[in-house]
Amino acid sequence: MTNAFDQDRVLIFDTTLRDGEQSPGATMTHDEKLEIAGLLDEMGVDIIEAGFPIASEGDFNAVSEIARNSKNSRICGLARANFADIDRCWDAVKHAEKNRIHTFIGTSALHRAIPNLTMDEMADKIHDTVTHARNLCDNVQWSPMDATRTEWDYLCRVIEIAIKAGATTINIPDTVGYTAPVESADLIKKLIETVPGADEVIFATHCHNDLGMATANSLAAVAGGARQIECTINGLGERAGNTALEEVVMALKVRNDIMPWHTGVDTKKIMHISRRVATVSGFPVQFNKAIVGKNAFAHESGIHQDGMLKNKETFEIMRPEDVGLSGTSLPLGKHSGRAALRDKLNTLGHEVGDNQLKDIFVRFKDLADRKKEVFDDDIVALMRTGEDAG
Ligand code: KIV
Ligand code: ZN
């Protein structure tokens with residue numbers, strides 16, 4: 001059995017404003033949320049989870065205004081498995097032309113113990129709450145939180161109930177980042193093959209990065225049949241974060257030969273939104289972060305710089321322009337070689353002969369040993385010192 005949805009297309013569901021904002025200290029203001037939602041909408045994100053409307057008056061207002069302003073994206077709000085949450089969520093998202101109610105409950109034994117519900121009691125609750133959501137909205141997502149640690153038979157049972165009650169998307173959260181890529185693919189594949197009605201809904205994957213496997217798990221889930229990836233800009237999210245949008249989108253673009261699925265995201269807008277999310281959330285991006293880190297397209301060592309100056313494909317598997325950068329960066333440091341120094345001098349408007357380059361290179365290495373990075377002004381100063389001495 002295969003899912004009826006367009007098999008080549010993967011929907012991108014961004015939850016920066018909901019799961020991302022749940023990172024301790026990442027709270028964003030109303031205006032900041034509106035700005036980020038506008039950027040997500042513009043870049044072609046299919047669904048924006050704009051917040052958790054019952055959580056606070058501020059969240060409700062932000063989701064409502066994002067819903068009113070949305071142009072292309074579907075606007076989604078989160079709701080626990082109770083009527084009050086679902087009603088509040090609908091009151092916020094109903095202003096969008098395309099909307100969604102996302103309701104969830106923890107289904108693993110550990111999570112069932114918290115509200116102290118039996119399996120049957122929880123199954124009834126799922127039926128009632130999904131039915132209620134579907135009576136309000138024709139697009140309903142249901143999530144069994146901690147799905148990857150939920151007993152297989154029970155997981156199949158509750159998913160079937162949610163589908164019969166009207167859920168249009170079934171999201172499979174790896175809430176604590178516990179799963180591994182082979183399991184992730186297998187789980188989605190087996191669910192689609194086993195659960196009656198599974199071929200009529202979209203399966204989504206929602207991964208956390210506790211073991212650093214969120215991107216791999218999300219892509220494996222797609223290989224298993226999922227057609228919606230839930231993710232956040234810069235991987236923002238609780239603990240070690242969520243799947244990073246920029247990673248899954250670029251992985252699908254760069255390795256389309258072995259992962260033949262596409263998204264609707266305009267990748268050239270990635271860098272700008274990454275920087276805005278880092279600024280407004282107060283969570284800086286680590287230098288070596290894939291795709292959006294300061295060093296992701298930077299090459300300092302002599303061998304790499306020489307290779308890059310001759311052919312960019314030697315050390316880059318994607319073009320920096322494709323993620324919105326103006327180009328590769330070749331920062332000068334103690335590992336840099338003559339080719340990069342000459343290139344830098346040329347860029348700064350100085351044509352030098354071999355002897356002059358040799359002389360500047362010696363002084364450059366001496367400086368680079370004392371400084372972490374040598375900047376343009378340092379190079380100009382080195383040139384001047386050489387000219388004065390000459
Ligand atoms: O990680 C999780 O389980 C969640 C759910 C609310 C979908 O964020
Ligand atoms: Zn989550």
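**Exercise 1. Find which residues of helix 9 are buried, and what covers them.**

Solution. In helix 9, the buried residues are Ala214, Thr215, Ala216, Asn217, Ser218, Leu219, Ala220, Ala221, Val222 and Gly224. Buried here means that 20 or more other C-beta atoms, placed from the backbone, lie within 10 Å of the residue's own; 12 or fewer makes a residue exposed, and anything in between partly exposed. Helices (H or I, at least four residues) and strands (E, at least two) are DSSP runs numbered from the N terminus. The model is predicted: local features need pLDDT of at least 70, side-chain atom pairs count only at pLDDT 80 or more, and totals for chains, interfaces and linings use all residues. Residues are numbered from 1 along each chain as its sequence is written, and chains are lettered from A and ligands numbered from 1 in the order in which they are written.

Next, take the count: ten of the eleven residues of helix 9 are buried, and the helix is mostly covered. Then list the partners. The buried residues pack against strand 6, helix 8, strand 7, strand 8 and helix 10, where a contact is a pair of residues with C-beta atoms, placed from the backbone, within 7 Å. Last, look past the end of the helix: glycine 225 follows helix 9 and has a positive phi, near 125°.

**Exercise 2. Describe how helix 8 and helix 9 meet.**

Solution. Start with geometry: the two axes come within 7 Å and cross at roughly 35°. Axes are lines fitted to C-alpha atoms, for helices over the stretch in contact, and angles run from 0 to 180 degrees between N-to-C directions. Then list the residues. From helix 8 come Pro181, Ser184, Ala185, Asp186, Leu187, Ile188 and Lys189, which meet Ala216, Asn217, Ala220, Ala221, Ala223 and Gly224 of helix 9.

**Exercise 3. Treat helix 7 in the same way.**

Solution. The 14 residues of helix 7 should span 20 Å at 1.5 Å a residue, and the end C-alpha atoms are 20 Å apart, which agrees. Leu155, Val158, Ile159, Ile161, Ala162 and Ile163 are buried in helix 7. They pack against helix 6 (119-136), strand 5 (140-145), strand 6 and helix 8. Just after helix 7, glycine 166 takes a positive phi of about 120°.

**Exercise 4. Which residue in the loop between strand 8 and helix 10 is asparagine?**

Solution. Asparagine 234 is found in that loop, between strand 8 (228-231) and helix 10 (245-254). Its phi is near 65°, a positive value in a residue other than glycine. Most residues other than glycine have a negative phi. Asparagine 234 counts as buried because it has 27 C-beta neighbours inside 10 Å.

Methods:
Two residues are in contact if their C-beta atoms, placed from the backbone, lie within 7 Å. The expected span of a helix is 1.5 Å times one less than its number of residues.
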